[in-house]
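This report describes the symmetry, the chain interfaces and selected side-chain interactions of the model shown below.

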4 protein chains.
Amino acid sequence: MALGDNKKVRMGMVGGGQGAFIGEVHRLAAALDGKIDLVCGAFSRDMENTKATGALLNIDDNRLYASFDEMMTAEAAMPAEERMEFVAIVTPNHMHFPVAAAALKAGFAVLCDKPATLTLAEAEELEVIIDETHGLFGLTHTYLGYPMVSQARDMVAKGEIGAVRKVYVEYHQGWLAGEQDNKQAAWRTNPKTSGISGCMGDIGTHAHNLAEYITDSLVVELASELTAFVAGRQLDDDGAALLRFDNGSTGVLSASQVCVGEENGLSIRVYGDKGGMQWRQQEPNSLRVTRIDAPEQLYRAGTDHLTDAASRRCRTPAGHPEGYLEAFANLYIDFAAAIKAGEKKKATGVPGIKEGVRGMAFIEAIVDSSNNNSRWTKI
Amino acid sequence: MALGDNKKVRMGMVGGGQGAFIGEVHRLAAALDGKIDLVCGAFSRDMENTKATGALLNIDDNRLYASFDEMMTAEAAMPAEERMEFVAIVTPNHMHFPVAAAALKAGFAVLCDKPATLTLAEAEELEVIIDETHGLFGLTHTYLGYPMVSQARDMVAKGEIGAVRKVYVEYHQGWLAGEQDNKQAAWRTNPKTSGISGCMGDIGTHAHNLAEYITDSLVVELASELTAFVAGRQLDDDGAALLRFDNGSTGVLSASQVCVGEENGLSIRVYGDKGGMQWRQQEPNSLRVTRIDAPEQLYRAGTDHLTDAASRRCRTPAGHPEGYLEAFANLYIDFAAAIKAGEKKKATGVPGIKEGVRGMAFIEAIVDSSNNNSRWTKI
Amino acid sequence: MALGDNKKVRMGMVGGGQGAFIGEVHRLAAALDGKIDLVCGAFSRDMENTKATGALLNIDDNRLYASFDEMMTAEAAMPAEERMEFVAIVTPNHMHFPVAAAALKAGFAVLCDKPATLTLAEAEELEVIIDETHGLFGLTHTYLGYPMVSQARDMVAKGEIGAVRKVYVEYHQGWLAGEQDNKQAAWRTNPKTSGISGCMGDIGTHAHNLAEYITDSLVVELASELTAFVAGRQLDDDGAALLRFDNGSTGVLSASQVCVGEENGLSIRVYGDKGGMQWRQQEPNSLRVTRIDAPEQLYRAGTDHLTDAASRRCRTPAGHPEGYLEAFANLYIDFAAAIKAGEKKKATGVPGIKEGVRGMAFIEAIVDSSNNNSRWTKI
Amino acid sequence: MALGDNKKVRMGMVGGGQGAFIGEVHRLAAALDGKIDLVCGAFSRDMENTKATGALLNIDDNRLYASFDEMMTAEAAMPAEERMEFVAIVTPNHMHFPVAAAALKAGFAVLCDKPATLTLAEAEELEVIIDETHGLFGLTHTYLGYPMVSQARDMVAKGEIGAVRKVYVEYHQGWLAGEQDNKQAAWRTNPKTSGISGCMGDIGTHAHNLAEYITDSLVVELASELTAFVAGRQLDDDGAALLRFDNGSTGVLSASQVCVGEENGLSIRVYGDKGGMQWRQQEPNSLRVTRIDAPEQLYRAGTDHLTDAASRRCRTPAGHPEGYLEAFANLYIDFAAAIKAGEKKKATGVPGIKEGVRGMAFIEAIVDSSNNNSRWTKI
């Protein structure tokens, strides 16, 4: 991982105050490779929370801001070599667009948690803003940061499994099987902060994104049914869809947050006319590969048998498990490198606004199909 | 395994000549526990094949028959203590009904490979015949013979996972990923011998049956898409469906014969509001159980932790893997016991015509839905 | 599985009365392929038990014998085409030698449970008897009957893992972790019926046999420590040994019956200078193969990628799990074929007296080493 | 993760220049939680390497030192609030003692890679120095940093598996199966830099340490055989030992670097009279627990079912795999906390000199036993 000039890239953060989950994950990921400094934050609407968070993180008091607007203004006014270079947006979904738009317009790069925005319309508007500002925008579809996901994509691209026919992708969790009385559950199950979908917006989008990424093809149509199993829940906590891809393959996507005992069960299987592959997030360092004429193989992270893209995402030799934070950090390190390299709009190795728009279109389509008794709906 | 009187039960067989697959499996299963004697057969339309098969099986020449009709007539004319007591039907699907009808009318019990018949109408007619003749009829949905499938059903019934919400069932094979030039493939992909569905009739029915059995509930509606991926194939070799059950749970069923590298990948996951479970046919002696408030558990065949129904289906202590033939034999031993006990119509422990009709209705519904752009279709 | 002439081979049995374990396993295995008839038995010292057992098995009353001596005499006096052709010995260890010797001298083939005898001296004497009588003798080291064990041996022989360097073999059970109050435990922990070793005689011999079989090399020396963990137990219930092989490789063998929660955990790993392999009895249809320059592979029973010896031991296509009884039956079917073929002394595909002597020598050496503070002891 | 005052702890490093492996791992681990700043280094004997490494790490030029001596002197002369607070030693083994001794005498805390020193005598001398200086000393037995290792130790301590009887611990790698022409291999196989043992010093010590840590007991005696399989190799690349513990339990330890295809296969199984447990480093987030009277359970990192010590070592909810770097970082964060808390000699949560001395005594004993034909040798 050659780094060119060695100064750390300066990051600001919106969201991620005490009590939040994903903000801390972003910070750990950003810190891992020692290439990024968190220099400022608007961690919460509650300035006391922001101050407490900032103190824990050892951030200068005068770079803790009461609002994202204040942050953009103040940071933009600082000398170029001191002000933040990008902002990580780790708020609930409804705040993604306003913060991203403000940051881009103020000249900052943006690394945003998924889904890109609250609505498809916002995502499309954001795409326009990126085009106009030439701002760099990244979307943290974390799972694309795993080495063996790169390996899978590369092997499909090289034709190792032949023409893709079938994709099974699923993301099963159990943590919302009962009523949950915490911050994480509250915003995710509230349409105002989460959007028109709960489960599909939160994790179904990851599954959709992973399927399109590995197969390098697009879901063009789907037929779905979403359900809210827990009484009183306003948004889906479960759902499944039949999929049609632009390359003629078909698939099944399921996502659920009521599968008791499942933790973070994202997995994908892809079959072509010459082979197949399976990857599971909970044991991310293995990729099972089947072939029509040979025993199945297990490709492993950190070995000599990987593509360049996969290899460069491994920090340690085979057998030293790298996990979720390392995958996340792979997106951060690529985003930081893109800033150093002066890349515009899209950072090499990091999903961008195109994936963001796809994700929002997926959410709208899957909700729409479910609302229309599972009729086939175009994305 | 109570045995009552110890004389072996006498079995005849229709189908299963040399070159067939499932006939030999039936014979191994019937032989395993030493309770059944194969005494006669009409193994093939080709009398030479029947004779050769009979010779290998050490069957008296004069009980090798040129046709099933001849077999019914001749056996019925033999002394009661010598003639066959039941016939195993192991032909391609289109011959199930005629043979079963003839056997029942001639007073013989029938143990038939699945699916029950070629069409739903035939299955319903067969049900009438069973009702009228009071004949004993069993259907070899093999997978119900596994101990841990009984365990799963019993644990659901006892409420150990709470109210069922979600069922994922799949049956993925790869052997038809290319063109196949053998007898097995030929009849399964031919509508005349296989019926209106290929993959769904062959293995989708097993998945459907397993889901209804374990959850003790019925699929009432489905939305499906079936595909024939291999060029020139007349019947589906792949498909998936969204499911709605009569108890309000929902599900996903997928079946495919083009998943390169998959062998006989039947698996099911069921989630309720208190727990979940997972069973996989390729490692059939384990049942993974999740619980909302405790670490997941692994229930294992042959241990002290099983229900009575599961325990009685284990022949050996834990750790001595029992497999497919043993599961199959469990149906045979129960069917033989039912004959000895004089049971009528339905043998305890063995699927019967009700499951047969359900299976045919499932096939008709899943083909119908697919033909109508995946609209929800009642079973 | 070519069958030659189709008459079933006639088997007698000594041991295996009600309450026994392994006798029933032998009967199931013998029955599975429909090539063997159990025609007579001396199932117990208790004639009531023998009669009850025989009744359940539907054996003619006049072929149920009060003692093995009576059985040999009476059967030898029957017409050649009716009398038993071989005897299965399924008694506790101390009865193996007397029964085997009597049977061989009476002209019957012998298929004996392991270990071959109570002492090494007996085994050597038995070898002499076999030489003199030219009698056919087989030893049911069951695990050699698994297809993937044949595959492993064949791949080592073909040099696929290079020169063997290292063998790890283990057999861990937990059923004797506490005091056990049943027949199975009673004779196995009693020196009079079991011999000088408990755990090593019962299961350590299987591990030793498997290691020598797969690597086609001999353990020449070992250094061991055996333990009886349960208070009052007279024989070892646990032990381990360092191993030296005649080909310069080294190894570790461990066996235990006090590993709580382990079922029948026999597994072996073999490493050469070009690759390695791992096989586990509880998932017997897979063989993991590592290679120095390629991703690891999973060889699976029933696929096209097996050696001839492995393929012929599979009854069903890949994905239809075959287990312990099928492995056992593979030894029975080979033994029956050897009888039909008129083989002498050693049946193709079945361990013989050579393996029996090796096993007893192993037991004596491992006990001796342990009694001498683990000094290196030759086998 | 309470943090007290939020200023980062200042770290220096000796070793870890470009081309090294473990130095980079230490840096990633130190960076992960954002609590530690790397402020100075003597990364290599080659000042050009040190400068290049320092530049990549963005360290001030004037804090890059030509030797560890120079570093100690220069840093000690800096103002207390600027100078490094501890030094991470990541050199080959022969340099551990001189650097640690110098650092401790100069008043710096020391976090040292394992094994503690080149010889047992050095380790004992280091213990004296620590006693005299009251300096804080930590040893990075990385694997103790995994949450499920803490869980295992806590469950043993609480008696959940009863009185420990048996320990199987192994550490199998394959990377030295052939001749290796790189820096990592060179120093590890050279007695001058590695000490009297290759494989056992490098990874056997980890296995030994893990066994003693989880069971909270000591290996008092061992009987071993070590081998150098690769021609010309001066130190063992493989070995195994029978173990006796101070609590009456026994065990087997094996370590190898010639197991082709194995990556970093550290695993441990512990059995008591009431239960057992198994942990494997390559899937570190699971702990399999067996119980004498219940189905086996799978404890998982990040769930509600963990002890406090295990829980506090998880950063993310269940299902977000944490790996090797996170385990390593757990030692770093505890060491940094100990510095802040003013702990002396031993940092809470981090192995110290006692474990270091144990490790060196283990190495001496295992080599000694092997040199004396595996005689039992006291540690």
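## Symmetry of chains A and B

Superposition is by least squares on the C-alpha atoms of residues with pLDDT of at least 70 in both copies. The same surface serves both copies, as 100% of the contact residues of chain B recur in chain A; contact means heavy atoms within 4.5 Å.

The model is predicted: local features need pLDDT of at least 70 and side-chain atom pairs count only at pLDDT 80 or more, whereas totals for chains, interfaces and linings use all residues. Residues are numbered from 1 along each chain as its sequence is written, chains are lettered from A and ligands numbered from 1 in the order in which they are written, and side-chain values use heavy atoms, with hydrogens and water left out.

## Interface of chains A and B

Chain B contributes 41 residues to the contact, and chain A contributes 41 residues. Together the two chains bury about 3100 Å², 52% of it on carbon and sulfur atoms. Buried area is the accessible area (1.4 Å probe) that two parts lose on being put together, summed over both. On the side of chain B, the residues that lose the most area to chain A are Arg165(B), Phe229(B) and Val260(B), together 21% of what that side buries.

Eight salt bridges are found across the interface of chain B and chain A, a salt bridge being a side-chain nitrogen of Lys or Arg within 4 Å of a carboxyl oxygen of Asp or Glu. The interface also holds 22 residue pairs in polar contact, both residues at pLDDT 80 or more. A polar contact is a pair of N or O atoms within 3.5 Å; within protein, one must be able to donate a hydrogen and the other to accept it, and residues adjacent in sequence count only if both atoms are side-chain atoms. Several strands of chain B each supply at least two residues of the side that touches chain A, among them E6 (164–172), E7 (219–227) and E8 (238–245). Strands (E, at least two residues) and helices (H or I, at least four) are DSSP runs, numbered from the N terminus.

## Salt bridges between and within chains

Arg244(B) and Glu225(A) meet through their side chains in a salt bridge of 2.5 Å, N to O. This pair crosses between chains, from strand E8 of chain B to strand E7 (residues 219–227) of chain A. Both Arg244(B) and Glu225(A) are buried, where buried means under 20% relative accessible area, exposed over 50% and partly exposed in between (1.4 Å probe, protein chains only). Arg244(A) and Glu225(B) likewise form a salt bridge, at 2.5 Å, N to O. These two residues belong to a network of salt bridges that also includes Glu221(A) and Lys378(A).

Over all chains, the count comes to 96 salt bridges. One of them joins Lys114(A) and Asp202(A) at 3.5 Å, N to O. Lys114(A) lies in the loop between strand E4 (109–112) and helix H5 (120–133), and Asp202(A) lies in helix H9 (residues 199–215), 88 residues apart. Lys114(A) and Asp202(A) are both buried. In chain C, Arg315(C) forms a salt bridge with Glu322(C), with the closest N and O atoms 3.3 Å apart; both residues are buried.

## Chains C and D

Chain D can be laid on chain C with an RMSD of 0.0 Å by a turn of 180 degrees and a shift of 0.0 Å along the axis. That is the relation of a two-fold axis. In chain D, the C-alpha nearest the axis belongs to Arg375(D), 3.4 Å from it.

The contact takes 41 residues from chain D and 41 residues from chain C, and about 3100 Å² is buried between them. Eight salt bridges are found across this interface, including that of Glu170(C) with Arg269(D) at 2.6 Å, N to O.

## Arg300(A)

Arg300(A) lies in strand E13 (residues 294–300) of chain A and is buried, with a relative accessible area of 14%. The residues that Arg300(A) touches include Met148(A), Leu306(A), Glu263(D) and Gln282(D), not counting residues up to four places away in sequence.
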